[in-house]
Amino acid sequence: MRIDATKVRPQGRTFSFFGRVATVLPTIRRTIASGVLAAGLAGAGAISTAAAQSGDAARGEYLAKAGGCLGCHTEPRQGATPYAGGRELKTPFGTFYGPNITPHPAQGLGRWTEADFRRAMREGVRPDGAHYFPAFPYTSFTKITDSDAGHLWAYLKSLPPSDRPSRPHDLSFPFNIRLLVWFWKFMNFTPGPFRPDASKPAAINRGAYLVEALGHCGECHTPRDFLGGLKSTALAGAAVGPGGGKIPNLTPTGLGQWADADLKEFLTSGMTPEGDVAGGEMAEVIRNSTSQLVTDDMAALVAYLRTVPPQPAPGR
Ligand code: HEC
Ligand code: HEC
């Protein structure tokens, strides 16, 4: 399988987490003292990795597009093997490299069980128990339903195995300590699948699922606190995003002037109503992900964005 390098263009994509460790530690101590730790651990233990169902690889391929898995897990060069890893993700803490997630027994996920995969996606935990860095957006993928996780696994298992070794991350001390991620997760991460809101129409719930779980739109469009955790002002944007540029507000405050057709056009072709073209990170999201959505999913996504609570514009 060959891949068009223009679809996985390298970008100085950055993520912000951990915040200032010096500030984190006293907060954690306070939190532990308040007994929240026990509650947190009890909650984590309650997450069930549902019984294996046989997933549908074709369905999984579509879900992988909606989740943008390709971009982070493929080298940004012509002829790169899809999902064989190598994409660099620059952060203030160092550079992450998306690993090989093809079913190669030594270099990829060939020896993983489906339960290993479900735990990685739902809980951000490696088969050996170590914690994944949140550069892997499991903070959103935790919301993927059990059946969709099964389809994604069936798709990844169907890929040709690649022996390309995953490149180790290049992180500066102390961010190279995986145990530190435990603290970050404890402060910022609530595992568990998406729960539909029974009072809302099915299309709105579908749109919410596409935005919050698979599309992980909030990983960029929701502002973060000093710990790198997502704030409650979901999709409010940021005056200065992790990548240094402005991240637009996706709530009705920001998108009020856009007709549904404008939004669909933008998420399909990258053209804004003013005739501008989406830049940087969003261009990649559109290429790899939103432009691949089927009509009903695109309509659901747009309908959902209309229903999110308005938030003040970024920087105010
Ligand atoms: C924003 C970039 C990004 C996106 C999007 C992304 N990943 Fe990843 N993924 C990563 C990084 C970085 C790691 C390594 C994390 C670490 O080492 O702590 C990773 C790790 C993984 C792992 C564990 C691999 C191993 O060898 O332990 C799996 C499985 C995985 N991703 C699957 C997926 C799937 C499925 C999707 C799409 C639904 C996806 N990823 C989307 C960045 C991403
Ligand atoms: C990797 C970071 C990232 C992710 C993930 C992401 N976006 Fe964006 N988005 C951006 C950036 C950066 C811009 C600004 C692009 C520009 O200025 O050209 C943007 C712009 C937009 C705009 C244009 C808004 C305006 O007022 O100009 C829309 C709409 C949008 N994104 C929707 C989405 C949706 C829906 C998702 C999830 C499916 C998503 N984005 C996921 C980074 C991201």
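Author: Strand β2 (residues 94-97) runs antiparallel to β3, and two bridges join them. Strands pair if DSSP finds at least two bridges between them. Helices (H or I, at least four residues) and strands (E, at least two) are DSSP runs, numbered from the N terminus.

Reader: Before going on, what kind of model is this, and how is it numbered?
Author: This is a predicted model, in which local features need pLDDT of at least 70, side-chain atom pairs count only at pLDDT 80 or more, and totals for chains, interfaces and linings use all residues. Residues are numbered from 1 along each chain as its sequence is written, while chains are lettered from A and ligands numbered from 1 in the order in which they are written.

Reader: Which residue stands opposite D170 in β3?
Author: That residue is T95.

Reader: What is the strand order of the sheet?
Author: The order is β1-β2-β3 in an open sheet of three strands, with antiparallel pairing. The edges are β1 (88-91) and β3 (170-171); each has a single partner strand, so one side of each is left without a neighbour in the sheet.

Reader: Where is the cis peptide bond?
Author: It joins F173 and P174, with omega of about 5°. P174 is located in the loop between β3 and α8. Most peptide bonds are trans, and most residues other than glycine have a negative phi.

Reader: Is H216 buried or exposed?
Author: H216 counts as buried because it has 21 C-beta neighbours inside 10 Å. The cut-offs are 20 or more other C-beta atoms within 10 Å of a residue's own for buried, 12 or fewer for exposed, and partly exposed in between, with C-beta atoms placed from the backbone.

Reader: What about L235, buried or exposed?
Author: L235 is buried, with 26 other C-beta atoms within 10 Å. L235 also has a positive phi, of about 65°, and is not a glycine. Its place is in the loop between α10 and α11 (252-255).

Reader: Turning to the ligands, how many residues surround ligand 2?
Author: There are 23, and the closest are G215, C217, C220, G279 and M282. A residue is near a molecule if its C-beta atom, placed from the backbone, lies within 6 Å of it. The elements that give two or more residues to this shell are α10 (218-221), α12 (260-269) and α13 (280-288).

Reader: Which element gives the most to that shell?
Author: α13 does, with four residues. By class, the shell around ligand 2 has eleven nonpolar, ten polar and two charged residues. Here Ala, Val, Leu, Ile, Met, Phe, Trp, Tyr, Cys and Pro count as nonpolar, Asp, Glu, Lys and Arg as charged, and the others, Gly among them, as polar.

Reader: And which residues come nearest to ligand 1?
Author: G67, C69, C72, Y132 and F136 come nearest, of the 21 residues around ligand 1. At least two residues of that shell are supplied by each of α4 (69-72) and α5 (114-123). The shell around ligand 1 divides into 16 nonpolar, four polar and one charged residues.

Reader: Now helix packing. At what angle do α9 and α14 cross?
Author: The axes of α9 (residues 202-214) and α14 (residues 295-307) cross at roughly 90° and come within 7 Å. Axes are lines fitted to C-alpha atoms, for helices over the stretch in contact, and angles run from 0 to 180 degrees between N-to-C directions. The two helices, α9 and α14, are therefore roughly perpendicular to each other. Angles under 35 degrees count as roughly parallel, over 145 as roughly antiparallel, 65 to 115 as roughly perpendicular and the rest as oblique.

Reader: What about the axes of α3 and α7?
Author: The axes of α3 (residues 57-66) and α7 (residues 146-158) come within 7 Å and cross at roughly 100°, which makes α3 roughly perpendicular to α7. The residues of this contact divide into six nonpolar, three polar and three charged.
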